[in-house]
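Please read the following walk through a protein chain with the sequence and the 3D view open side by side.

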Amino acid sequence: MRTFHCLSPFIWICIFHTFDTIASQEKSNSHLTSRSVTSPTKNDGKMLHRVKRGWMWNQFFLLEEYTGADTQYVGKLHTDQDKGDGNLKYILTGDGAGSLFVIDEKTGDIHAAKKLDREEKSLYILRAKAIDRKTGRQVEPESEFIIKIHDINDNEPKFTKDLYTASVPEMSGVGTSVIQVTATDADDANYGNSAKVVYSILQGQPYFSVDPESGVIKTALPDMSRENREQYQVVIQAKDMGGQMGGLSGTTTVNITLTDVNNNPPRFPQSTYHFNSPESVPPGTHLGRIKASDPDMGTNAEVQYNIAEGDGADTFEVVTDKDTQEGIITVKKNLDFEKKMLYTLRVDASNTHLDPRFLHLGPFKDTAVVKISVEDIDEPPVFSKLSYLIEVDEDVKEGSIIGQVTAYDPDAMNNLVKYSVDRHTDMDRIFSIHSENGSIFTLKPLDRESSPWHNITITATEINNPKQSTHIPVFIRILDINDHAPEFAMYYETFVCENAKSGQLIQTISVMDKDDPPRGHKFFFEPVPEFPLNPNFTIVDNKDNTAGIMTRKDGYSRNKMSTYLLPILIFDNDYPIQSSTGTLTIRVCACDNHGNMQSCNAEALILSAGLSTGALVAILLCVLILLTLVMLFAALKRQRKKEPLIISKDDVRDNIVTYNDEGGGEEDTQAFDIGTLRNPEAREDSKGRRDVLPESIFQVRRPAPLWENIDVQDFIRRRLKEHDADPSAPPYDSLATYAYEGADSVASSLSSLESLPADCNHDYDFLSDWGPRFKKLADLYGGDDSDRD
């Protein structure tokens with residue numbers, strides 16, 4: 001009854017809505033309408049008429065999360081047709097019928113069987129029927145009604161994130177928005193204040209605040225500095241029921257970071273810096289580092305260093321190291337202790353990215369004094385130039401001075417300097433230098449054509465300290481003079497055809513000159529003065545450093561003159577003028593009608609004009625073969641003549657041998673052999689001597705083969721020399737005497753050793769034709785009488 005009393009306005013609204021819904025269903029469902037009318041009996045004949053419905057509901061709302069001991073009463077179904085006698089049966093269908101909602105079939109009372117949660121389902125649509133138990137017919141048409149679940153505050157607000165992260169620039173004004181947090185409540189926002197959320201800050205005062213309705217977090221203090229504190233943790237609470245007592249709440253954490261702004265200028269930790277530097281350091285050397293501290297971060301802490309003023313602004317520079325934000329003091333020029341010993345610089349450090357909002361805080365730069373002391377060291381000599389270029393004519397005489405170098409000691413001591421030539425750069429010792437004054441002179445003649453440039457190195461050394469020395473390159477250029485005469489650029493093989501016409505070009509010649517005149521080469525061609533007018537050829541200067549050789553007559557003959565020599569005078573245009581005479585050899589050749597050369601040899605005239613080169617080669621081969629055959633026949637014939645003439649066993653030959661040895665005597669038949677003289681190769685097949693020990697005891701040295709010697713006399717002399725010089729022979733030596741009568745004579749030998757037997761008939765009448773010297777022989781052998789005698 002308490003629930004009914006509180007929710008009576010909502011109940012009547014729902015009742016009207018339900019009746020309206022049922023009426024609309026009656027219009028749309030004709031079968032339901034027909035069930036709602038009362039039909040008269042067949043005999044009365046009266047018209048049908050609508051019967052007034054009598055459905056009743058006492059309650060249509062239900063509280064969620066009911067925790068009572070009994071089931072929660074929902075409402076009651078009732079119809080006017082119910083007489084209370086129990087003949088009607090109420091049936092409930094729809095969402096949760098039978099499980100969540102149960103109905104008493106007799107009374108029509110509806111109860112909730114379970115605890116309901118509005119957040120799961122906020123309303124249920126059900127249908128009710130009233131049926132006559134006896135007939136099983138509906139006494140009322142099926143009606144639909146809605147049961148709504150009333151919300152209670154059973155859900156606390158929940159934030160969309162458990163942890164928020166936000167940032168805000170430092171030095172921001174009060175009320176600057178940082179971030180918005182949002183909390184949601186699952187309760188019904190249209191019923192009571194269960195879902196009305198209010199935000200409040202539990203942690204983070206007095207730096208930040210939160211808007212109670214929107215959840216926007218804002219700054220609460222002005223000029224918060226990141227350098228003092230960078231991180232803040234804020235706890236925000238969301239409470240429902242409009243923040244009233246009994247409401248549920250939830251919390252979240254917000255981590256807020258103050259981002260950096262350029263609100264701090266750079267500051268040097270000290271006002272003065274001191275550095276030392278030897279005077280010998282090269283440009284670009286780092287002497288030291290300075291740093292201006294800036295508590296800002298990132299680009300707001302970037303510092304640019306510059307030399308504001310001082311006496312060394314042109315000698316030194318400050319380079320900013322982007323990684324460490326330091327200023328690097330760097331040498332810009334060479335230092336000289338003798339000129340300046342101390343430099344004072346004023347170095348500024350300033351931010352590169354300024355924020356106009358904070359310019360009022362003061363100038364964003366700082367200044368420091370940097371003092372640099374230069375230390376004196378013993379320096380090597382210094383040349384007046386970095387390199388020297390000397391030009392000299394190639395015809396300069398030996399010992400001539402061609403240039404000079406100068407060097408001095410930069411130290412305060414001003415030591416004396418001596419000069420020398422690095423011989424590794426002048427291996428041929430062409431140049432030298434005076435050690436005291438640095439004058440360079442030549443030692444050998446110069447030739448531009450062989451070496452147009454000479455690159456030498458001169459060394460200057462302190463006399464008191466030889467370790468201090470300096471090298472300097474000296475480039476010597478040899479200037480050209482006209483000392484070479486022009487000459488033919490190549491060897492020309494020039495010919496003129498026998499059928500050439502007068503004025504015909506047979507050769508174009510060009511020349512070369514080893515010199516290199518500054519205005520370029522210009523050559524001229526003329527006949528030699530001794531032969532100013534050549535009847536056969538003429539020289540035409542083409543005015544382009546070439547000349548053409550032209551014929552001066554019609555026709556040339558190889559029989560009369562096969563080769564012409566044409567001397568040509570060539571001279572240049574430089575000073576002094578150089579000239580030379582080149583001789584051009586011109587051969588006379590046979591040519592075809594198109595001027596193509598065919599033959600230039602005079603011997604070819606005796607050959608038939610129709611023979612080709614292949615035919616000539618074949619003829620020459622045949623001739624060589626015939627000559628070879630003739631020589632072979634002659635050699636065979638001569639070999640036959642040298643065979644032994646002892647034909648019969650009765651033929652007696654003399655063999656005179658002189659012995660003068662202590663060797664084997666007459667048994668030494670191998671001491672000499674006339675056959676060796678005739679055939680040197682035969683001695684290699686000779687048997688061993690019987691008067692010597694076997695070779696197993698004494699190793700006999702064999703002489704070198706001598707059968708390549710044709711001269712027999714030379715062979716004899718060498719054989720004797722070998723026997724005399726043989727250390728293995730004594731005492732088994734043998735003296736052999738060889739007789740040699742010289743080369744063959746015209747007449748054959750008349751010795752009886754080679755005479756034929758007496759019974760052989762020979763005609764010696766030819767001896768009378770040999771002259772008076774052979775008259776006696778002709779008388780002895782010429783007649784038949786003498787033969788008989």
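How many disulfides does the count come to? The count comes to two disulfides, in what is a predicted model. A disulfide is a covalent bond between the sulfur atoms of two cysteines. With bonded cysteines counted along the chain, the disulfides follow the pattern 1-3, 2-4.

One of the two is formed by Cys-497 and Cys-591, whose sulfur atoms are 2.1 Å apart. The torsion about the S-S bond of Cys-497 and Cys-591 is about -85°, and the disulfide is therefore left-handed.

Cys-589 lies in strand β43, whereas Cys-600 lies in the loop between β44 (597-599) and α4 (613-641); the two are 11 residues apart. Both Cys-589 and Cys-600 are buried. Another cysteine, Cys-622, has a relative accessibility of 47%, so Cys-622 counts as partly exposed.

The aromatic rings come next. The count comes to 13 aromatic pairs. Among them is the pair of Phe-159 and Tyr-199, which is tilted, with 6.1 Å from centre to centre and 50° between the planes. The pair links distant parts of the chain, since Phe-159 is in strand β11 (residues 158-159) and Tyr-199 is in strand β15 (residues 198-203), 40 residues apart. Phe-159 and Tyr-199 are both buried.

Why does the pair of Phe-488 and Tyr-492 count as edge-to-face? The ring centres of Phe-488 and Tyr-492 are 5.7 Å apart and the planes stand at 90°, so the pair is edge-to-face; the angle needed for that class is over 60 degrees. Phe-488 counts as buried because its relative accessibility is 18%. Tyr-492 has a relative accessibility of 8%, so Tyr-492 counts as buried.

Two further features involve rings. Tyr-207, Phe-208 and Tyr-232 form one aromatic cluster. Lys-340 places its charged end over the ring of Tyr-343, at 5.4 Å from the ring centre.

Now turn to the backbone. The chain has eight helices and 44 strands. Strands of a sheet pair through backbone hydrogen bonds, either parallel or antiparallel. In which order do the strands of the open sheet of four strands lie? The order is β28-β35-β34-β31, and the pairing is mixed. The edge strands of this sheet are β28 (388-393) and β31 (417-421), each of which pairs on one side only. On average, neighbouring strands of the sheet are turned by 30° against each other, direction ignored.

Strand β28 can be followed to its partner. β28 and strand β35 (residues 469-479) run parallel and are joined by six bridges. Within this part of the sheet, Val-392 stands opposite Ile-478 in β35.

Is Gln-231 buried or partly exposed? Its relative accessibility is 45%, so Gln-231 counts as partly exposed. Leaving aside residues up to four places away in sequence, Gln-231 touches Ile-256 and Thr-257. The C-alpha atoms of Gln-231 and Ser-167 are separated by 9.2 Å, while the two residues are 64 residues apart along the chain.

Two totals describe the chain as a whole. Of its 789 residues, 33% count as buried. Among contacts between residues at least 6 apart in sequence, 66% join residues at least 24 apart.

Notes: Residues numbered from 1 in each chain as written. Predicted model: local features only at pLDDT ≥ 70, side-chain atom pairs only at ≥ 80, totals over all residues. Heavy atoms only, no water. Phe/Tyr/Trp six-rings, centres within 6.5 Å; stacked < 30°, edge-to-face > 60°. Buried < 20%, exposed > 50% of the residue type's maximum accessible area, 1.4 Å probe, protein only. Lys NZ or Arg CZ within 6 Å of the ring centre and 35° of its normal. Disulfide = S-S within 2.5 Å. Pairing = 2+ DSSP bridges. Axes fitted to C-alpha atoms, helices over the stretch in contact; angles between N-to-C directions. Contact = heavy atoms within 4.5 Å.
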